[in-house]
Amino acid sequence: MPELPEVETVRRGLAPVLEGARIARAQVNRPDLRWPFPPRMAERLTGARIDRLGRRSKYLLADLDTGETLIVHLGMSGRMIVSAPDAALGGGRDMLAQFHHLHPAPEKHDHVILDTEAGARVTFNDARRFGAMDLCPTDALDRHWLIAGLGPEPLGNAFNEDHLVAAFRGKRSPVKSALLDQRIVAGLGNIYVCEALYRAGISPLRHAGRIAAPRVAALVPIIREVLSEAIEAGGSSLRDYRQADGELGYFQHNFRVYGREGEACQTPGCAGIIRRTVQSGRSSFHCVTCQR
């Protein structure tokens, strides 16, 4: 499932095309994905202008001039694909200059299609249908059931050393489970938690409440560093994930521990081997020698 860097990469790829654009036509090709679409979704989107394209945790948020926000979750295989005919690139529309190809032929799993007045098309394609879309009054977004329980953004000021130390205090669950708890920090997923814990030298099996406060505090800048590097690299391409323009991300080439079971640890001077352990149904990767 795409994690925060992948979703942020998609947001950045869509922003030049969608921010400030008016939706000339919205097409909804099925009644649901993971959950039913909101009533009259196509009608409510058609004619609306997208004032701002944001992100909260792993959700894309399109604020509309109608007073509603479109919430998008990519699920396990969801893709936002951008296309534009050459004719739409004239008239000084430089923001579309990077999308020269024609609209592709419709595919079986093209579930929602947004055509803008400028001629661009954004298609939500989701083969497994674990994605989701909903519409919510913008002024009530913080109370939406998908958003209300989320913790602070890991790249925001509210995610700081004091917050994480307090959240871990007395916690008996493994540190990896604690970091995956969206109430503690929003948007972290399996891959980047593994990578952050490796850089911090902390075993994913350690109980969160038994890690010394200075080591917990040191996790904050490490988490930000890992996420920032992944965003800069364009997100990590695993299985079905693609950027908005169809290009692959490449941070997976920089993984130091994830997916490297049986390989030598990359920490200088460490002779350890990377081990895979299953925690709560997810694979954890860590060096048994230098992660304690």
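Let's start with Ser57: it is buried, with a relative accessible area of 2%. Here, buried means under 20% relative accessible area, exposed means over 50%, and partly exposed is in between, using a 1.4 Å probe and protein chains only. This is a predicted model, where local features need pLDDT of at least 70, side-chain atom pairs count only at pLDDT 80 or more, and totals for chains, interfaces and linings use all residues. Residues are numbered from 1 along each chain as its sequence is written, and side-chain values use heavy atoms, with hydrogens and water left out.

You'll find Ser57 in the loop between β2 (50-56) and β3 (59-64). Helices (H or I, at least four residues) and strands (E, at least two) are DSSP runs, numbered from the N terminus. Not counting residues up to four places away in sequence, Ser57 touches Leu4, Leu150, Glu153, Gln182, Ala186 and Gly187; contact means heavy atoms within 4.5 Å. The Ser57 side chain also reaches the backbone nitrogen of Gly187 at 3.1 Å.

Now for α1. Of its 15 residues, 12 are buried, including Leu4, Val10, Leu14 and Leu18. After α1 comes Gly20, which has a positive phi, near 85°.

The largest nonpolar core has 32 residues, and Leu14, Leu45, Met80, Phe124 and Met133 touch the most other members. Such a core is a set of buried Ala, Val, Leu, Ile, Met, Phe, Trp, Tyr and Cys residues joined through side-chain atoms within 4.5 Å. Helix α1 (residues 4-18) gives the most to this core, with six residues. Leaving aside neighbours within four places in sequence, Leu14 is in contact with Leu53, Leu60, Met80, Val82, Val122 and Ala244. Apart from this core lies another, of 31 residues, with Leu180, Val185, Ile211 and Ala230 among them.

## A four-stranded sheet

Which order do the strands of the open sheet follow? The order is β1-β6-β7-β5, with antiparallel pairing; two strands count as paired if DSSP finds at least two bridges between them. At the edges stand β1 (23-28) and β5 (79-83), each with a single partner strand, so one side of each has no neighbour in the sheet. From one strand to the next, the twist averages 15°.

Inside the sheet, β6 (residues 110-116) and β7 (residues 121-125) pair over five bridges, and Asp110 stands opposite Asn125 in β7. Helix α1 packs on the sheet, touching β5, β6 and β7, and its direction makes about 35° with that of β5. For that angle, axes are lines fitted to C-alpha atoms, for helices over the stretch in contact, and angles run from 0 to 180 degrees between N-to-C directions.

## The β9-β10 hairpin

Strands β9 (residues 274-279) and β10 (residues 282-287) pair in the antiparallel sense over six bridges. They form a hairpin with two residues between them, and Ser280 in the turn has a positive phi of about 50°. One of the pairings joins Val278 to its bridge partner in β10, Ser283.

Arg206 is found in the loop between α5 (190-200) and α6 (213-232). The Arg206 side chain reaches the backbone oxygen of Arg210 at 2.8 Å and that of Arg292 at 3.4 Å.

Definitions and conventions:
A polar contact is a pair of N or O atoms within 3.5 Å; within protein, one must be able to donate a hydrogen and the other to accept it, and residues adjacent in sequence count only if both atoms are side-chain atoms.
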